[in-house]
Each structure stands twice: as structure tokens, then as C-alpha cells.
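Biologist: I have the sequence and the coordinates open. Walk me through the fold, please.

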Amino acid sequence: MAKILLIVIAVAAAFWLLRNHRRRADRDAQSPAAPPAEDMVGCAQCGVHMPRKEALESGQRYFCSGEHEREFRGKH
Ligand SMILES: [Zn+2]
């Protein structure tokens with residue numbers, strides 16, 4: 001009788017593990033594999049790269065700072 005109980009517990013544990021594993025796999029499938037790559041731009045003056053949202057946009061060009069924007073305009 002004890003043996004049967006042991007088998008029942010083992011089967012229940014196996015089912016529980018399998019269910020948990022499947023649930024985790026579903027969650028992994030739903031979450032994106034990697035966050036979208038940030039849009040990087042280079043400073044027209046010094047060439048340093050930064051995320052577009054942190055860059056100073058001026059016309060068609062991007063700058064890391066207002067100082068570099070002025071320097072660039074002074075040169076060109
Ligand atoms: Zn710069």
C-alpha cells in the first residue's frame with residue numbers, strides 16, 4: 001500500500017513540475033527576446049554616439065551639446 005502511495009505522489013509531483021515548466025515557457029514566449037535597440041546618433045562635431053532622445057537635434061544634424069552645435073556652426 002505504501003508503494004502505491006509513493007507512486008501516486010511521484011506522478012503528482014511529475015505533473016506539477018511539468019505544468020510549472022510549461023507555464024514558465026509560455027511566459028518566456030510572451031516576453032520579447034530583447035528590448036528594442038536604442039536609436040543611436042553621432043554628434044556632428046565630435047562624433048560621440050548617444051541615444052537620439054538625448055541628442056540635441058539641429059536641422060538634419062545631431063549634437064552632444066549646445067557647445068558643439070555652436071562650434072560646428074562656427075566652422076561651417
Ligand atoms: Zn560633440
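Biologist: How many Å apart do the C-alpha centres of domain 1 and domain 2 lie?
Modeller: Bear in mind that this model is predicted. The protein chain is divided into domain 1, residues 1-31, and domain 2, residues 40-75. Between the C-alpha centres of the two domains, the distance is 56 Å.

Biologist: What radius of gyration does the protein chain have?
Modeller: Start with the box filled by the C-alpha atoms, roughly 90 × 15 × 15 Å along the principal axes. For a compact globule of 76 residues, the value would be near 11 Å. The protein chain has 29 Å.

Biologist: In what order do the elements of the protein chain run from the N terminus on?
Modeller: Count them by type. There are two helices and four strands. From the N terminus on, the order is α-β-β-β-β-α.

Biologist: What share of the residues of the protein chain count as buried?
Modeller: The cut-off is 20 or more other C-beta atoms within 10 Å of a residue's own. Apply that to the 76 residues of the protein chain, and the share that counts as buried is 12%.

Biologist: Which residues make up the largest nonpolar core?
Modeller: This core has six residues in all. One of them is Tyr62. Leaving out residues up to four places away in sequence, Tyr62 touches Val41, Ala44 and Ala55, among others.

Biologist: Of contacts between residues at least 6 apart in sequence, what percentage join residues at least 24 apart?
Modeller: Take the contacts in the protein chain that meet the limit of at least 6. The part that joins residues at least 24 apart is 10%.

Key
Residues are numbered from 1 along each chain as its sequence is written. This is a predicted model: local features need pLDDT of at least 70, side-chain atom pairs count only at pLDDT 80 or more; totals for chains, interfaces and linings use all residues. A nonpolar core is a set of buried Ala, Val, Leu, Ile, Met, Phe, Trp, Tyr and Cys residues joined through C-beta atoms within 7 Å. Two residues are in contact if their C-beta atoms, placed from the backbone, lie within 7 Å. Domain bounds come from an automatic or database domain assignment. The radius of gyration is taken over C-alpha atoms; the globule rule is 2.2 Å times the number of residues to the power 0.38.
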